[in-house]
Amino acid sequence: MCGIAGIVGLNGPVNQDLFDALTVMQHRGQDAAGMITIDKGMFHLRKANGMVRDVFRNRHMQRLTGKVGIAHIRYPTAGTSSSAEAQPFYVNSPYGIALAHNGNLTNAKALQEEVLRISKRHINTTSDSELLLNILADELQKCDTLKLEANDVFTAISHVHKRIRGAYAVVASIIGHGIVAFRDPNGIRPLVIGKRETATGDEYMVASESVALDAVDFTVIRDIAPGEAVYITENGELFTQQCAENPKSVPCIFEFVYFARPDSFIDGASVYAARVNMGTSLGQKVAKEWADLDIDVVIPIPETSIDIALQIAQELNLPYRQGYVKNRYIGRTFIMPGQTQRRKSVRRKLNAIKSEFAGKNVLLVDDSIVRGTTSGEIIKMAREAGAKKVYFASAAPEIRFPNVYGIDMPTSNELIAYGREVDEICQLIGADGLIYQNLDDLKSAVSKENDQLTDFETSVFDGQYVTGDITQAYLEQLDMARSENSKHDSDLEELTNLEMHILDESDQD
């Protein structure tokens, strides 16, 4: 999962607002960050691996001048975690275009061959975002005009929609023109637009989550519709148009389960309220199916599940306690590349408060169970802290299938629920009981906050891929590519460790 933002300002540099927007969306990716601004007809770019606060120093911010800019935070899904994959990417022709992308293209391999054969464009990385940029550039090249009009932009994007498949929310900046943003025809990945009124006119901003707009005093206008494109000129003129032939709203339900911040609104639905609803339905299921269990206390696994666990405790009329303290300086283990890195970080990330576990039967609540690594370690911690019985509740159903739309779950064999029943999963993670949310209840939890949301992208639970182009051969190919990338990243990590060891020895000399 990634986060994107773009701003057209009127009264000063946009770099600080973009920095602040990325900071509040840091939860969407911790692998890399980047920003590109336009000033005096030139791009100014800074991107690198690392957290937002580490990538952008004062010296970088001072040269990121200009009133138009876009920014990105990344964790790797397609491609590797190499800094060469950090975004935004840019091309010089036509006009000068920079692009940032959240999502994943499912026909990337065919597109790469097409771009080279027909357009004679070279793709320098394995990132599908660079590929998407070149396809957009190819379509804008056909406009054959130095001064783009809104209709030219929308025509190009309509052709982009016809060529690419998958999930994508995109923001691009074009030198001498402004910013373009668009969303895939299924609306899988989120994108919102807002404005900020000034004495000289309205400034506009697009971002992955509404919280990014809140942080820099932009007022949300609305979510960009599935298939819709937005064009904001450098003078602050706003144009919008539907550019897809058969758009439909099928947002990713995992945004509500895990990814988005609770203070965000996604497609008009409050993430916080949706999670409270998840707690209500799951609490009712626990009360019905586990009525004979002697549960003493409900404890969340921080932080996404806190609101869910509190509601479960209220439904069960049980005490709610904070049993784990989170080290906020350790990244989210789910989006750390590499299983070994995730496993090692769990105990550095959380520590149990022994008094809340000693001699008690506890119900632990988490938003989901993906690989089972974190869940198993946390259950061990509860037992080591003195818990008599440890029950486990998941606010999401069993994750049994790979995700191909931009979430780091592409391999079936990494998913603990793949090919297993609940009792076997329970045994593997070491719980005394395991209960999952029903899929219909999960959908209902979100729909209650916006009755216009009637369908969701739920492929990780039911194996139904809304783009209709996912085959077993594709999943096997993705699995193979992921294995190769993991080996590549492991080799790079070993090389880095060796270099650091040499430097340490040199210092001692």
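Guide: In this predicted model, the protein chain exposes about 21000 Å², of which carbon and sulfur atoms supply 47%.

Visitor: What share of the 509 residues is buried?

Guide: Burial is judged residue by residue, with buried meaning under 20% relative accessible area. Buried residues account for 59% of the chain.

Visitor: How many helices and strands does the secondary structure comprise?

Guide: The protein chain has 16 helices and 21 strands. As for sequence separation, 71% of the contacts between residues at least 6 apart join residues at least 24 apart.

Visitor: Over how many bridges do strand S7 and strand S8 pair?

Guide: Strand S7 (residues 166-174) pairs with strand S8 (residues 178-183) over 6 bridges, in the antiparallel sense. Within this pairing, Val 170 has Phe 182 of S8 as its bridge partner.

Visitor: Which residues touch the most other members of the largest nonpolar core?

Guide: A nonpolar core is a set of buried residues joined through side-chain atoms within 4.5 Å. The largest holds 53 residues, and Phe 254 and Leu 363 touch the most other members. Among the elements giving two or more residues to this core are helix H8 (254-259), helix H9 (271-289), strand S19 (361-366) and helix H16 (472-508). Not counting residues up to four places away in sequence, Phe 254 touches Phe 259, Ser 368, Ile 399, Ile 407, Met 409, Val 460 and Phe 461. A second, separate core has 33 residues, including Phe 89, Leu 105, Leu 148 and Phe 154.

Visitor: Where does Thr 280 lie, and with which residues is Thr 280 in contact, leaving aside neighbours within four places in sequence?

Guide: Thr 280 belongs to helix H9. With those neighbours within four places left aside, Thr 280 is in contact with Gln 311 and Glu 315. The side chains of Thr 280 and Gln 311 are joined by a polar contact of 3.2 Å.

How values were computed
Residues numbered from 1 in each chain as written. Predicted model: local features only at pLDDT ≥ 70, side-chain atom pairs only at ≥ 80, totals over all residues. Heavy atoms only, no water. Helix = DSSP H or I, 4+ residues; strand = E, 2+ residues; numbered from the N terminus. Buried < 20%, exposed > 50% of the residue type's maximum accessible area, 1.4 Å probe, protein only. Contact = heavy atoms within 4.5 Å. Areas by Shrake-Rupley, 256 points an atom, 1.4 Å probe, with all protein chains shown as cover. Pairing = 2+ DSSP bridges. Polar contact = N/O pair within 3.5 Å; in protein donor to acceptor, adjacent residues only side chain to side chain.
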